[in-house]
Amino acid sequence: MADRRTQLADAALAVVAEQGLKGLTHRAVDARAGVALGTTSNYFRNRAALVGAAVDRVEELDSLLLQGDQRELPTTTTALAEQLAAAVMGLTDTNAPLTRARFVFALDQPETVAAGHERLVSALAQLLERLGLSDPRARAEAVSDYSDGLALHLLTARKGKGVDKAAVAKNIQLLLEG
């Protein structure tokens, strides 16, 4: 079972996904987590601390989703593209509430998500460098931009319309290989 801080951060994400940042209050998190009134404020003394914990949890969950079932780092661009495509599909399916919360934070408080975004892009760039790809930073940014854009469209304009995971993997592979 998750520790109490993680439980409350997950509840905060659920509140943001459903109600936006305006709905994020200590009381709303208490209710969503099913804990006694005042519990959230005992762990996160102010709203900024609560938002920070939720943003940190988004980054942690995104990292876990990106890893998927993989125990080892991909050794080919094809394997990496398939892993990233699976992550994007997961962001818009099973993990759609998490993705909605991430976009809310990114739009309303971009400075709070910038550091986490940078860590994810830098990690991808390092992996691309290990794979021997040229201009790994630019390629990592292109994949990130494509993935975020696709996730946004699949949650909004293309909601409910199927997308072929193989086509997504092919597009990512094209971005990786140039």
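Begin with H5 and H8, whose crossing is right-handed (a crossing is right-handed if the near helix is turned clockwise from the far one by less than a right angle, and left-handed if anticlockwise). The names follow DSSP runs numbered from the N terminus, where a helix is a run of H or I of at least four residues and a strand a run of E of at least two. Before going further, note that this is a predicted model, in which local features need pLDDT of at least 70 and side-chain atom pairs count only at pLDDT 80 or more, while totals for chains, interfaces and linings use all residues. Residues are numbered from 1 along each chain as its sequence is written, and side-chain values use heavy atoms, with hydrogens and water left out.

**Stop 1: H5 with H8**

Select helix H5 (77–92) together with helix H8 (residues 136–155). Their axes come within 9 Å and cross at roughly 30° (axes are lines fitted to C-alpha atoms, for helices over the stretch in contact, and angles run from 0 to 180 degrees between N-to-C directions). That makes H5 roughly parallel to H8, since angles under 35 degrees count as roughly parallel, over 145 as roughly antiparallel, 65 to 115 as roughly perpendicular and the rest as oblique. Now show the side chains of Leu-84, Val-88 and Thr-92 in H5, which meet residues of H8 including Val-143, Ser-147 and Leu-150 (contact means heavy atoms within 4.5 Å).

**Stop 2: H8 with H9**

Among the residues that make the contact are Arg-139 and Tyr-146 of H8 and Asn-171 and Glu-177 of H9. The contact of H8 with H9 divides into 8 nonpolar, 2 polar and 2 charged residues.

**Stop 3**

Next, select Asp-135, which is in the loop between H7 and H8. Asp-135 has a positive phi of about 50° although it is not a glycine.

**Stop 4: H1 with H4**

Move to helix H1 (4–19) and helix H4 (47–67), which pack at an angle of about 90° with their axes 9 Å apart. That makes H1 roughly perpendicular to H4. Among the residues that meet here are Ala-9 and Leu-13 in H1 and Ala-54 and Leu-61 in H4.

**Stop 5**

Finally, select Asp-62, Ser-63, Leu-66, Leu-120 and Val-121, which are the closest to the centre of the largest pocket among the 41 residues that line it (on a 1 Å grid over the protein atoms alone, a pocket is an open set of points where a 1.4 Å probe fits, with protein on both sides within 12 Å along at least five of seven lines, and lining residues have an atom within 4 Å of a point). The volume of this pocket is about 860 Å³, a volume being the space filled by probe spheres set on the points, which are joined across faces, edges and corners. Which helix gives the most to its lining? H7 does, with 14 residues.

How values were computed: Nonpolar A, V, L, I, M, F, W, Y, C, P; charged D, E, K, R; others polar.
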